[in-house]
Structures are given as C-alpha cells and as structure tokens.
Amino acid sequence: MTEGTLCNKIPVNTIEKLQALLTDKRGQVYYKEMKQLEVDTPALVKILQNTLKSRLKTWLKICVHCGLCADSCFFYLANNKDPRQVPSYKIQSTLGELVKRKGNVDNEFMRMAMDIAWGKCTCCNRCVMYCPFGIDIGVMFSYLRGLCFSQGFVPWEMKIGSGMHRIYQAQMDITSEDWVDTCDWMAEESEDDWPGLKIPMDKMNADIIYTVNAREPKYYPEDLTQAAILFHLAGENWTVPSEGWEETSLAMFAGDWEGCKLQVEAVYAAMERLKARRMVVTECGHAYRATVIEGPYWAGLKSGKTPIESFHYIEWVAEALRTGKLKIDPAKKIKEPVTYQDSCNYIRNAGLKEAAREVMSYIAEDFREMEPHGEHNFCCGGGGGLNGIGRYRKQRNAGLKVKRDQILATGAKLVISPCHNCWDAIRDLEEVFKIGIRWSFLKPILINMVVVPEHLKPKDE
Amino acid sequence: MGTKILLASTASPACDDAARVAFDLAKRYNANLTILHVIGIPVRGFSNTVIDIRTGEEVVCDDDYIEWVKEELRSIYSIQIEQYKNCIMESVPGVPHREILRFARKNNTDLIVMGTGAKKECIETAGYTRYVSGSTMQAVAKAARCPVLIIGRPAASFWGGISKIVFGTDFSKAADSAFMFALNIARKIGCRLYIFHAINILPFDSEKIQLQDEIEDKIKAAKEKIRKKYVTRMKDFKNYNIDVWEGVPYVEIVKFARENYSDLIVMAHHARDSDLNKTRLGSTIEQVVLRASCPVISVNHPDKIGDL
C-alpha cells in the first residue's frame, strides 16, 4: 500500500507530525504524495456498510435530477451557470458514483471527489431549501468529506486543522496555559479603563460559561476583552473554562469524525465540570453548529442536546438588549445604511434569524436586508473551511461574486458579520473586488454604543 | 545589568532613527537588545497565510520564512550589530501592536523603542483596524507596562546627551507614573526637569470662548496643583521649572519643548479607545510624536519606572 510520509490515511496525533506538515510549504510535497496514495477499497466498503444509512441511501436514489437545486447554489450562479456546478450533479458524480461502484474507485477518482467536496461546496445547506424532496446535499457532502478523510484525500490545511484539534483540542496551537495566561493578560490590560473587570476562570455555578474561537487568543485577544466588557456591563455572573474553551471544529470541516467527537467532548466536560447554567459561544458560526447542533450526536447524547442550554452570541446580545441589561445610547446608534450577513451555520442551520433582526432593530437606524436573507441567504463564499484552503483560492474568489452583488444591492457600506468565517470572506471580498465596504463583528460596535453606568466608569482624579 | 530593551522594527528605513536610538541606549546600559519584527497580519481564515507588513503581499508564514526574515533583519542592522553584539532577532506573525505587547510582557521588557513608521495602509487593507484605534504606536503606548520610547522624527540629540526633560501632565493617574519616571531620569542624569501643563482653550471643549481672566485663573490653579502633586514628591531635587500655557495641548507642548531646547518629552498616553474614536486627530501623544523634534516617551504604569 503506497502511503506518503505526509499524505496518508493516518490522522495527525503528534506535534512532530504536525510540524512536518507545517514545514511543507503550501503542501507541495503533500499533494505530490497524494497522487500516489492508494485507495483502500475494503476499508472504504466497510465504512460504507457501517455508516451509509437509509437516509443518505434514499436521498441518493430519489433524486430525479430535476435541477431545481441549481439556482440555489452560489457556485453555480457565480460560474455562469456551469452545469458541472449543479448540486445534484456534484453529489451524484462523487458520492453517488462511489456508492454505485461499491467503493471500487481509484486515486484519480478520490482526488476528483476531494476537489469537489471542498472546492465546489461549502456545506452551506442552501440547496435543501429548494429541493422538492428535501434532499440535503450539504449533509451528504459532509459525509463524503468523512470518506475522503478516512482515505487520506483531504486538503493540506484541513489535515493540519484536524491535527491541531487532536493535539491541542483547539484549531490552533494554543495550550491551556496559553489560554489562561491570555485571559489574565486581557483582564490586566483593561483594569484601568474598566475598574472591577475580571475574566473569571473556572468559576463554579456561574450563569454563563463562555467559549471562544482559538483565533481570538492566538491573534486578536481584544475580542475576549470586548466580551468581558459587555458581560461586565450587563452584570453577568460568567466564567471561562481553563480546558474545553474552544468551540470551533476544523475537524468537522475536515471530515475527521473521531476528531469531531474528541473536540465536543472537551467542551461538554467543561460544561459539566463547572456546572454553569448555560453556555454562550463567541461570534462564530461553525463553532455553534459543531458544538450545539451536530455535537450532541457525535458525542452520543441521546437527547440531541448539549449538557446545558447553549446560546449563540447573537442570542445573548438580543436578550441583554431586550431585558435592558445592556442599554444603547440612542445618539450612538448606527446612522448609516448597514446590512447583516446571515451565517449559514447559525441562521439557516439553527434558526436564529429573529435574534439577529432583533439586535439590528436596537442598534441601527437604517438596517437593510440583503436579498435573499435569513435562512435563504447565500453563503458568504468561504464557509466549510474554504477560506483557509490555498488549493481552491481561485474557486473561492470566483464564488465571492454572489455575496459582493448582494451587499452592493443593499447600498450599505457597513456589514455586520458575527461569524469568523463570514467576516474573513467579506474581508477577502473587499480585497479582491474593492467595493469600498467595511465589516465588523458585533462586539466592537456594541462597545462604542452601550451606556456605561456611572459606578462602572473609571475614576480619574 | 540585565536591562531588556525591545526595538519594535518595521524592518524599513522608517525605523532607522528608532534603531539608532535603541542601539545607542543598549550600548550605554549594556542591555539585552531584541529586535522584533512582526511579519504580517494573518489572513485566509485559519491558514498560516499572512499579509506581509512591508510589501502587502501574501506569504506562507512557516519556520523557513521566519528564519529568512530574521536573516534579513540581521543584514539590515549589520553595521549596528557589528558594534553591539548583545542583540537577538525575533520575528512572529500577527497583528503588530498585539505581538509587540505580547513579547514585552512575556520577556519582562524594560523599555520598548519604536518608530511611527508602521505602514498603516497595509494594516487597513488587511481589515484589522477594528482592533486598533489609530496606529500601532498608540496601541502599544497605551497598554505596555513599561515605558515606550517613540522616535517620530530624526532626533537632534540622544539619550545621555540629555540636559532638559519636559514632563507634560494632564494630572491623571497614569501621569503620576510618567512623572516618577521623568524625575528618576532627571535625578540620574542630573538634568533639568520642566513640569508642563497646557490649558485647553478650544471652544468645543468648553461651552463658550473663555475670558482671559478665566484662563489666567486656571493657569494659577494648575501651577498650584503641580506644586502640590509633584513638587512635594521631589524632596531635595531642585533642578526644575513649572510652566503652564494655554492653547491646544499638543501644539503647546511641542512649542514648549522646542523653545526650551528639550531633549526628551515624557508623558502618559491613556486615552480610552472609545474617546479616541471621537477625535479626528487621535490622541495628544500621537500628534506630539509626529511634531516634536525630540523623542517622546510614554509611561502609563508604575511597573518599570525605576529600571532604567
């Protein structure tokens, strides 16, 4: 069996292996080795027998190729309605074919499947809304990614991401010590401006356990400070866990099912250990989907729910503004036209569109919806891990056109985007097309407009 | 002995003056000098791709690249390194102010030296301005626990050749630390300390145009405050002046420093980010740094004021 030193069927479980992958610039050796990687058909057959259940089998069978999904796919629209971008074609020619051939496929087929599973689908699940049979092609692509991963056919960055989760229980190389130290640091940095502000670590029985995206402590810990300030102003009894603080899951994007399970179990263990009343996650879409929507099933929780009630940040903000825990200074509301990027992962796939509208009604005077919006909104163009994969940069940039046109049509120059992935895609969209827009998470916007109670203001002599 | 100086460098000619001062200082104190260059701003999601601060180009930031950048740094500063060998090169990806602060905190740095030349356009293209109000310099000066020496324009004179220090105060708590630092230096070097305050007379800061009598009363009160707040803490140190002028604070302090041939301005930069958003010009310190003909040092915290 031909296995590469970097590209192989074994997930990354050690720092040494991770380092070896990271030093392979842009995955050059990795992708070269992939061309030689042999397909283990018996293993593929076995995994199909164990995991391809009636739902997916039915979906594959009942598709009548009506093509109603075509116009729902932003890739199809962005690529001049190329028939090869029709969702049903994309899944039938990959997963459908693989099942039909009973796993009897070659290296070339698997590489083609990989290029479609990651480069032509962001698992945004929009097409299911338009399928008369309710066939969820996004879910099937997630499944196909799992098959590809098991055979070692996975984009370089995704293999690294899955390895990060397995080693650090985080999508980046942040250890528990790094995390705890960053929290101390951010509390220390804000003590002058926000007297009494703390980032409580491992506090038992808090009302809220707050979890984040590893990129925040890694590159912009200000985000953590901003979350702390808003909890502080709202008078919340909150805490962060020293372990199990990371909510995201590149393992999910990679199709690393075992890694997915390990990751959410770390978060659930923190929930149970600290006995918080509820969990709030930072402004990240896929983190919410992974931990709150999909995670309970990965972890085998029969209830299908997280151990404690879980909220997306947008829900907490809506609640805080509704109940008056946070108050907006009316003079500071956003005056200019502003639009909102509905993240597929917590809007379409979790139904939180009302919370987003409620927040916008409190903070903006001229809120403009994208068309379509809510659960019908288009993917930002960078979901499903696509933003970070160099191999598909061209395809990703071409797909951004749809979001560009949606934003331009609103006339707004400011896009609120409470999702790391969407935020990135819109950032890149501006870099590619230069349409003169700004984009922001909610926290920095809120910090500038909330009323600070007199007793929480710094006392300067 | 064991003094740690950090030169935050953009690895471009914009930092030449800052580099000269940093090496000069390191030599004088036999300090451990670290030259830190923040390579670029992470982009493309979770990948290890960054936008190079200098070129604005997309690069893969792996160990090889970091080594290469360090080598570049060594060649840029080769002349200085030849004369002063106790220095190391460091290079990391990230948002510049954040990584400078992270490094200083981790290594217990005693003094940060930086220019004002960070390419703001590049940082803006990368879309990270939301984290920073104003420049990298402002963000570092605000949050650093140690003094931050900012070299805005080619300085006429350098450390050691200092004979006059201007301490500009707004009477804040942070200014207390700046004062103690200025006093320590003045004592050590034996130079004159000018304690200076500017009464802001801009109409939008006060309700109406102020009468001259009012301004003069304020000047009198400010002088009294200086005596109470600072002079009482100077004990036997007599080599000082007290001056209070009226005008636009950053203009007045720059004028005052120029007229007195000052070699160093010491002040605290502690404006809140949300306040900075309101002013078009940014903070007083930013304007002072850009305009003053001598170096400016920002001190906000008491942690490191006795260590130099």
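Helix H9 of chain A supplies the largest share of the lining of the second largest pocket, six residues. The structure is a predicted model, in which local features need pLDDT of at least 70 and side-chain atom pairs count only at pLDDT 80 or more, while totals for chains, interfaces and linings use all residues; side-chain values use heavy atoms, with hydrogens and water left out. Residues are numbered from 1 along each chain as its sequence is written, and chains are lettered from A, and ligands numbered from 1, in the order in which they are written. Helices (H or I, at least four residues) and strands (E, at least two) are DSSP runs, numbered from the N terminus. A pocket is an open set of points on a 1 Å grid over the protein atoms alone, where a 1.4 Å probe fits, with protein on both sides within 12 Å along at least five of seven lines; its lining residues have an atom within 4 Å of a point.

The volume of the second largest pocket is about 1300 Å³, a volume being the space filled by probe spheres set on the points, with grid points joined across faces, edges and corners. Its lining consists of 41 residues, and those nearest the centre are A:Asp173, A:Lys218, A:Tyr219, B:Val92 and B:Pro93. At least two lining residues come from each of H1 (15–23), H9 (156–168), H10 (176–190) and H11 (215–219) in chain A, and from each of helix H2 (63–76), strand S6 (87–92) and helix H4 (96–106) in chain B. By class, 21 lining residues are nonpolar, eight polar and 12 charged. Here Ala, Val, Leu, Ile, Met, Phe, Trp, Tyr, Cys and Pro count as nonpolar, Asp, Glu, Lys and Arg as charged, and the others, Gly among them, as polar.

The largest nonpolar core contains 202 residues, of which A:Tyr210, A:Trp316, A:Ile363, B:Ile112 and B:Ile265 touch the most other members. Such a core is a set of buried Ala, Val, Leu, Ile, Met, Phe, Trp, Tyr and Cys residues joined through side-chain atoms within 4.5 Å; buried means under 20% relative accessible area, exposed over 50%, and partly exposed in between (1.4 Å probe, protein chains only). Helix H8 (residues 137–150) of chain A gives the most to this core, with nine residues. A separate second core of 57 residues includes B:Ile219, B:Val231, B:Ile242 and B:Leu264.

Chain B has 11 helices and 13 strands, and 57% of its 308 residues count as buried. Of the contacts (heavy atoms within 4.5 Å) in chain B between residues at least 6 apart in sequence, 77% join residues at least 24 apart.

No disulfide, defined as a pair of cysteine sulfur atoms within 2.5 Å, is found in any chain. For A:Cys183, the nearest cysteine sulfur is that of A:Cys284, 17 Å away; A:Cys183 is buried, at 1% relative accessibility. A:Cys284 is likewise in no disulfide, with the sulfur of A:Cys419 nearest at 5.6 Å.

A:His286 lies in helix H15 (residues 285–298) of chain A and is buried, with a relative accessible area of 4%. Not counting residues up to four places away in sequence, its contacts include A:Gln171, A:Phe253 and A:Asn421.

A:Gly411 falls in the loop between helix H19 (393–410) and strand S7 (414–416) of chain A and is partly exposed, at 39% relative accessibility. Beyond neighbours within four places in sequence, A:Gly411 contacts A:Pro337 and A:Arg368.
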